[in-house]
Amino acid sequence: MALSSTLSRLNLIPRPWLPYTVTTLRALKLKPHKPQLLRPMWAPLTLSSFSVSAQIHRPQDDNLVVLGIETSCDDTAAAVVRSSGEILSQVVSSQADLLVRYGGVAPKMAEEAHLQVIDQVVQEALNQANLSETDLSAVAVTIGPGLSLCLRVGVQKARKTAGSFNLPIIGVHHMEAHALVARLVERELQFPFMALLISGGHNLLILAQGLGQYIQLGTSIDDAIGEAYDKTAKWLGLDMRRSGGPAIEELAREGDAESIKFSIPMKQHKDCNFSYAGLKTQVRMAIESRNINAEIPISCASSQDRRSRADIAASFQRVAVLHLEEKCQRAIEWALKIEPSIKHLVVSGGVASNQYVRARLDQVVKKNSLQLVCPPPSLCTDNGVMVAWTGIEHFRMGRFDPPPPAVESEDFVYDLRPRWPLGEEYAEGRSEARSLRKARIHPSLTSIIQASLQQQH
Ligand code: KG4
Ligand code: ZN
């Protein structure tokens, strides 16, 4: 089978400014025996698109208008943002009914749901902004990490829009977008800063040294905190329409957080990594031992049953967040050794919209004489604004792809990165997170950017 079609099946292509390394091919068990077929058909073969970028007319940096598209998981989101930081529109269509029906994200169903609404969501974002595609400077889209079936819907839409209107495309890292949206909210936020990114699929502690330059201090060795919130909510029979996190946060206010002594994960590990699989099991056992029946929705539970569920929710939340607090404390110590000038800890991602999480982390941050930066909840959960803003940040640096051809060709293959690390692991955290390496497919965003910068010099 021709390599190009193999890559096409795998939804992978090289990007002009992102070198498609042999490591990646090795991970895919492919041999680069026909290197010419590795070229994207719509762009010149270059390891750096900076030369390409220079040929594209760019409006003044402070007058960019970028459309951001996000479909990496179960939210279909689009937004239009100006480089001045003005949010012109923000549209999110969530798959609440599917979440309720399947108790989680089912990739094929999620893909179909994205396909059904993507055109409408993007159109609505343009309408709300009172703009048409011809007013845009570029299209930014999440290319990873995430579910490839879902990512593809957004990338296809971005490609179509950019192709039809001759607009450059910026491929965005979802987790970088969660972190950088804090710079839109807090314009004083300069590099270097730390970020704790907590969502349904990721728990990341990073040191952001510059745009596209991240050191990964810690990550989850199994489940992310959002997944633990979602499963706990499902097992407690809570209303999942707004996802499990908000339901647990609400119910936990009624409960006694000290009533069940769940053990804090990874106490003995002197690193900054996370684990929520064990806590999930402890919660499951507590639920079973109290004969709580998830088939009975919380709205129909007796007051004693409700109380018992609330105690579990509160006890779970206390320990889940204590785990964050402990790892953040260590990460701050590590980060200050590397970059003593750090002043901020950004907390972002869906779970960062939780008020209890914010309050507890604020205490940790204050104790270390740092400042907490938490975007508003609508910018913590998945959204198009963060994608558009991250696109703007990279576009200003000349990091973007030239417009794709207007007419879709069979040779065009999509560049998706379902498993894509943000940065390189910090040496002190490395030993205990070794098992994570197996999951790596793409070189990290940071290593790719560093390689392309070296190419320039
Ligand atoms: O960042 P996000 O919107 O999507 C992913 O990239 O995963 O995060 C979604 C996660 C879900 O697990 C959801 O339950 C959790 O964020 N979440 C919350 C809250 N709001 C959303 N978790 C705890 N408390 C909340 N208020
Ligand atoms: Zn997210």
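Predicted model: local features only at pLDDT ≥ 70, side-chain atom pairs only at ≥ 80, totals over all residues.
**View 1. The open sheet of six strands, with its parallel pair β6 and β9**. The six strands follow the order β10-β9-β6-β7-β8-β11, and their pairing is mixed. At the edges lie β10 (371-373) and β11 (424-425), each of which pairs on one side only. Strand β6 (residues 193-198) runs parallel to strand β9 (residues 344-348), and four bridges join the two; within this pair of strands, Leu 196 has Val 347 of β9 as its bridge partner.

**View 2. The open sheet of five strands, with its parallel pair β4 and β5**. Here the strand order is β3-β2-β1-β4-β5, again with mixed pairing. The edge positions are held by β3 (87-94) and β5 (169-173), each pairing on one side only, and neighbouring strands of this sheet are turned against each other by 20° on average, with direction ignored. Strand β4 (residues 138-144) and β5 run parallel and are joined by five bridges, and the partner of Val 139 in β5 is Ile 169.

**View 3. Helices α5 and α7 lying across strands**. Helix α5 (residues 107-129) lies across β1 (65-70), β2 (75-82) and β3, and its direction makes an angle of about 20° with β2. Helix α7 (residues 174-185) lies across β1, β2, β3, β4 and β5, running at about 100° to β5. The helix α7 also lies across β6, β7 (203-210), β8 (213-219), β9 and β10, where it runs at about 125° to β6.

**View 4. The surroundings of ligand 1**. Ligand 1 is surrounded by 20 residues, the closest being Gly 200, Asp 230, Gly 245, Glu 249 and Asp 382. By class, the shell divides into three nonpolar, 14 polar and three charged residues. Helices α7, α8 (225-235) and α9 (244-252) each supply at least two residues of this shell, and the largest share, four residues, comes from α9.

**View 5. Polar contacts of ligand 1 with His 174, Gly 226 and Ser 243**. An oxygen atom of ligand 1 lies 3.2 Å from an N or O atom in the side chain of His 174, while an oxygen atom of the ligand is 3.1 Å from a polar backbone atom of Gly 226. For Ser 243, an N or O atom of the side chain is 3.3 Å from an oxygen atom of ligand 1. Of the 550 Å² of accessible area that ligand 1 has on its own, the protein covers 91%.

Methods: Residues numbered from 1 in each chain as written. Chains lettered and ligands numbered in written order. Heavy atoms only, no water. Pairing = 2+ DSSP bridges. Axes fitted to C-alpha atoms, helices over the stretch in contact; angles between N-to-C directions. Contact = heavy atoms within 4.5 Å. Near = heavy atom within 4 Å. Polar contact = N/O pair within 3.5 Å; in protein donor to acceptor, adjacent residues only side chain to side chain. Areas by Shrake-Rupley, 256 points an atom, 1.4 Å probe, with all protein chains shown as cover. Nonpolar A, V, L, I, M, F, W, Y, C, P; charged D, E, K, R; others polar.
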